[in-house]
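Biologist: I would like to go through this structure label by label. For each term, please give the value and then the cut-off.

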Amino acid sequence: GEFGSMADHDLRARGSDSVEMDYNRFLQVGHYVFGLGGSFIANWSWKEMDDAVFPWGINYQNNGPEKPIRQAYKNQSLMLRQISPKYIPPRVFLVVPIEQTLGGNRGNTLSLLNKIIDKMFTLYPDFGVIDDRHLDKLPVEAKVLIYPTPYTIPDIAYAKLEAFVQAGGTLMITGDMGYDSNRQRTLNERFEKFCGVKYISQNYTGNNWTAIDAPSINVELKSASAVDDGYLNMYGNGKVYFSPKPFAPLMLSTFSEGIVNPNGIHIFKINESSGSITYLAVNPGNEKGSISLTYKNKTVELPIDGNKTGMVRFSGDGKVLSVESQGEV
């Protein structure tokens, strides 16, 4: 799509954009798409017009001097083409509550999902996404499911979640799950059976949460134990984490893979067919940050400037093959 230019459109029209802003945008999009498993990206305007001032293209007309945007674009391609991805099903999956993305106030759910995904980008370098209508497609490699504010869990989905946890899986549910398919509160017994807490009352109307970091409902302990942001219930051979808060970042961090990431840098892992491992990173903030990555007892401290990108590529036996960064690694 028009990823390369539209974000800076108004700045360009006023002459307020900068070369660095432009190529940062191209590098960020490239790292995000490749890190998430995309196969290609396409800018909307490859070259300048020959009959007008049109500062959106990657190339000047008639083989003019090379633009910094094209230089960044080219060098990114040269760097990433050494990587040959191999798909390995991830351990952690985000489960999208389809019923809550439909109907009134669905924007609450969508904005919450965006916030959770943004947080997961800082915690899980490799996670999958599935919706609650297709849990039968969940790979056997999945060990952790994160299921934010389902509100109403379809009976088929609930049975699959029960089976997943009983078999040893870990499930995290947030917000509320006491409603049936008609959006009537008839399933409060699920809280006690599945989450180990007793439902007392709710603190919102309809699907309109007062705040994503405030409890949607009030509960009391039964078989569960209190943990950060909520409760932990042992169920079968597995675990159910429940937080009455729609957004529970401390509970999300429970399943992190030990990456030291104090600055909220987005991180992605690519498994390679050769056995190598590549981490791609994007710093979405304006301030310089760093991330610590460890593989086969080799730790790399990677500094990344604001709005910049980074990469570390490890061989299968833990040697550092290539690095992209700003500053001393």
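Biologist: What joins the side chains of K288 and D305?

Modeller: This is a predicted model. In it, the side chains of K288 and D305 meet in a salt bridge, at 2.8 Å from N to O. The cut-off is within 4 Å, between a Lys or Arg side-chain nitrogen and an Asp or Glu carboxyl oxygen. So the pair takes the label.

Biologist: Which parts does the pair of K288 and D305 tie together?

Modeller: K288 lies in the loop between β11 and β12 (289-295), and D305 in the loop between β13 (298-304) and β14, so the pair ties together parts that are 17 residues apart in sequence.

Biologist: Why is D305 called partly exposed?

Modeller: D305 has 27% relative accessibility. Buried means under 20%, exposed means over 50%, and partly exposed is in between. So D305 counts as partly exposed.

Biologist: How many salt bridges does this rule give?

Modeller: The count comes to 10 salt bridges. One of them is the pair of D155 and R190, at 2.9 Å from N to O. D155 lies in helix α5 (residues 155-166) and R190 in helix α6 (residues 189-195), so parts that are 35 residues apart in sequence are tied together.

Biologist: Are D155 and R190 buried or exposed?

Modeller: D155 is exposed, because its relative accessible area is 57% and the label needs over 50%. R190 is buried, because its value is 7% and that label needs under 20%.

Biologist: What makes K193 and E162 a salt bridge?

Modeller: Their side chains meet at 3.0 Å, N to O. The limit is within 4 Å, so the pair qualifies. K193 is in helix α6 and E162 in helix α5, 31 residues apart. E162 counts as buried because its relative accessibility is 13%.

Biologist: What makes strand β4 enclosed?

Modeller: In β4 (residues 170-174), 5 of the 5 residues are buried, so the strand is largely enclosed by the rest of the structure. Both of its faces are covered. T170, M172 and T174 are buried on one side, and L171 and I173 on the other. In a regular strand the side chains alternate between the two faces of the sheet.

Biologist: How is β4 paired with β3?

Modeller: β3 and β4 pair in the parallel sense over 5 bridges. Two strands pair if at least two bridges are found, so this pair passes. V144 stands opposite T170 in β4.

Biologist: Where is P125, and why is P125 called buried?

Modeller: P125 is found in the loop between α4 and β2. P125 counts as buried because its relative accessibility is 4%, and the cut-off is under 20%. Residues that P125 touches include E257, I259 and F268.

Biologist: What order do the strands take in the sheet with β14?

Modeller: 4 strands form an open sheet in the order β10-β11-β14-β15, and the pairing is antiparallel. β10 (266-271) and β15 stand at the edges, each with a single partner strand, so one side of each lacks a neighbour in the sheet. Helix α2 (residues 19-35) packs on this sheet, touching β10, β11, β14 and β15.

Biologist: How do you know that β14 is mostly covered?

Modeller: In strand β14 (residues 309-314), 6 of its 6 residues are buried. 6 bridges join β11 (residues 277-282) to β14. β14 and β15 pair over 4 bridges. These two form a hairpin with 5 residues between them.

Biologist: What makes V323 a member of a surface patch?

Modeller: V323 lies in strand β15 (residues 320-324). V323 is partly exposed, with a relative accessible area of 36%. Patch residues need over 30%, so V323 passes that test. Together, V320, V323 and V329 make a nonpolar surface patch of about 210 Å².

Methods:
Residues numbered from 1 in each chain as written. Predicted model: local features only at pLDDT ≥ 70, side-chain atom pairs only at ≥ 80, totals over all residues. Heavy atoms only, no water. Patch = residues over 30% accessible without salt bridge, like charges linked within 9 Å, V, L, I, M, F, W, Y side chains within 5 Å. Areas by Shrake-Rupley, 256 points an atom, 1.4 Å probe, with all protein chains shown as cover. Buried < 20%, exposed > 50% of the residue type's maximum accessible area, 1.4 Å probe, protein only. Contact = heavy atoms within 4.5 Å. Axes fitted to C-alpha atoms, helices over the stretch in contact; angles between N-to-C directions. Lists of a residue's contacts leave out its neighbours within four places in sequence.
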